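I opened this entry to keep track of what I looked up, step by step.

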Amino acid sequence: MKILVTGGAGFIGSNFIRMYLDRHPDDVVVNLDKLTYAGNLENLRDVEGDARYSFVKGDICDREAVDGVMPGCDAVVNFAAETHVDRSIGDPEGFLRTDIFGVHVLLESAREHGVGRFVQISTDEVYGPALGDPFPEDAPLNPRNPYSASKAGGEYLARSYFLTYGYPVIVTRGANNIGPNQYPEKALPLFTTNAIEGEPLPLYGSGEQERDYMHVLDHCAGVDLLLEKGEPGEIYNIGAGNHMRNIDMARFILRELGKSEDLIVHVRDREGHDFRYAIDSSKLRALGWSPEFDAEGAVRDAIRWYVANPAWWMPLKSGEYRDYYERMYRERLEEAGASG
Ligand code: NAD
Ligand code: DAU
């Protein structure tokens, strides 16, 4: 098999490529990534010398770039996306471009080149808040921010290629991933690296919002299984059921690091903040998947990685990140009486 992984220099994509090369010694992986602020070739330093792996810098919205890597591929796994909800609230356009139009370009090229499988990586955010039972795959969609609305657009489009053209698309809807190499704008790496540096942990609102914090390796194992055993045209939830409130995650991080809870600062809430996500993954479990990490195990493993790898995240917390952090948090922290 030769597979095209898009967005492979990001958090989940890089973990997936490493796992895939390890599990499939005879296969070849091409990584197409635009290297936005979230793409980082450091994430794959250990595999870049592997003859089965190659990297191509390119945009999934650029048909020529996509056509350049598609010939001979047996499958596409599309991780490439703009992914941070807070950035989508401030500046949605890039989300619509990559998360919808980019999916269109990939689908067109893959279909034209007769690529036999297409996995569109979507998100549990498309269901919107889950205030009752976990959502099964046929629950109605209710995306409520520009990121999740764009991801819903992308997956609807992908599914339409199956329904219209019979093109073999699989859609996955994953829960919140945590683990190595996650850009420190997301809650877990942001809280952990701030705590290590003795900086405040900016907790939105009450902090009672809840997420299913799944280890990235469990997510990648689910995607790998679906690449092989997923039914074309089907949608699969991938969630570990690791429910944790944000405030409990912040406290857990501080306890693990031996830091004071005084570092938690309740700041102005995210606009339209979805209170809780919860998905039912029994369809994937029936294919043989089960997560290796429970909630505390996943969070603990992730914390340890950031403690052990300051050389990875410290350089990221300057430049573009610093500007973003100032824009996003300065006023919030000041309003809350903390300087940050
Ligand atoms: P990330 O932000 O860490 O990485 C995204 C990658 O995509 C980066 O390497 C970036 O350079 C690349 N990229 C962005 N725009 C591109 C473009 N136009 N062309 C080519 N490459 C481009 O994201 P992540 O957290 O690894 O998420 C990967 C995928 O998984 C996304 O589709 C996301 O929606 C989905 N997802 C994420 C989570 C999560 O908790 N992080 C959960 C469920 C689903
Ligand atoms: O559910 C899957 C989704 O999980 C993915 O599709 C997204 O790409 C990914 O970013 C993630 O979205 P969230 O918005 O849930 O993740 P984030 O890490 O941004 O926030 C997790 C929770 O923590 C959420 O309830 C908001 C809260 N939070 C986040 C940040 C950045 C804070 O309280 N303070 C913060 O500074």
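This is a predicted model: local features need pLDDT of at least 70, side-chain atom pairs count only at pLDDT 80 or more; totals for chains, interfaces and linings use all residues.

**Entry: α4 and α5**

I looked up helix α4, residues 93–112, and helix α5, residues 146–165. Their axes lie 7 Å apart, at an angle of about 20°. α4 and α5 are therefore roughly parallel to each other. I checked the hand of the crossing next, and α4 passes α5 in a right-handed one.

Which residues make the contact? On the α4 side I listed Phe 95, Leu 96, Asp 99, Ile 100, Val 103, His 104, Leu 107, Glu 108 and Arg 111. On the α5 side I listed Tyr 147, Ser 150, Lys 151, Gly 153, Gly 154, Leu 157, Ala 158, Tyr 161 and Tyr 165. I sorted the contact of α4 with α5 by class: 10 nonpolar, four polar and four charged residues.

**Entry: α6 and α8**

I turned to helix α6, residues 187–196, and helix α8, residues 246–257. Their axes come within 10 Å and cross at roughly 35°. The α6 and α8 crossing is right-handed.

From α6, I wrote down Ala 187, Leu 188, Phe 191, Thr 192, Ala 195 and Ile 196. They meet Met 249, Ala 250, Ile 253, Leu 254 and Leu 257 of α8.

**Entry: ligand 1**

I found 28 residues around ligand 1. Ile 12, Asp 33, Thr 83, Tyr 147 and Lys 151 come nearest. Tyr 147 and Lys 151 were already in my notes, on the α5 side of the contact with α4.

Then I looked at the atoms. A side-chain N or O atom of Asp 33 is 2.6 Å from an oxygen atom of ligand 1. For Lys 151, a polar side-chain atom lies 2.7 Å from a ligand 1 oxygen atom. Asn 177 uses a backbone N or O atom, 2.8 Å from an oxygen atom of ligand 1.

**Entry: ligand 2**

I counted 26 residues around ligand 2. Which of them come nearest? I have Asp 124, Tyr 147, Asn 176, Arg 270 and Tyr 329. Tyr 147 is also on my list for ligand 1.

His 273 has a side-chain N or O atom 2.7 Å from an oxygen atom of ligand 2. A polar backbone atom of Tyr 204 is 2.8 Å from a ligand 2 oxygen atom. Ala 187 places a backbone N or O atom 2.8 Å from an oxygen atom of ligand 2.

Methods
Residues are numbered from 1 along each chain as its sequence is written. Chains are lettered from A and ligands numbered from 1 in the order in which they are written. Side-chain values use heavy atoms; hydrogens and water are left out. Axes are lines fitted to C-alpha atoms, for helices over the stretch in contact, and angles run from 0 to 180 degrees between N-to-C directions. Helices (H or I, at least four residues) and strands (E, at least two) are DSSP runs, numbered from the N terminus. Angles under 35 degrees count as roughly parallel, over 145 as roughly antiparallel, 65 to 115 as roughly perpendicular and the rest as oblique. A crossing is left-handed if the near helix is turned anticlockwise from the far one by less than a right angle, and right-handed if clockwise. Contact means heavy atoms within 4.5 Å. Ala, Val, Leu, Ile, Met, Phe, Trp, Tyr, Cys and Pro count as nonpolar, Asp, Glu, Lys and Arg as charged, and the others, Gly among them, as polar. A residue is near a molecule or strand if one of its heavy atoms lies within 4 Å of it. A polar contact is a pair of N or O atoms within 3.5 Å; within protein, one must be able to donate a hydrogen and the other to accept it, and residues adjacent in sequence count only if both atoms are side-chain atoms.
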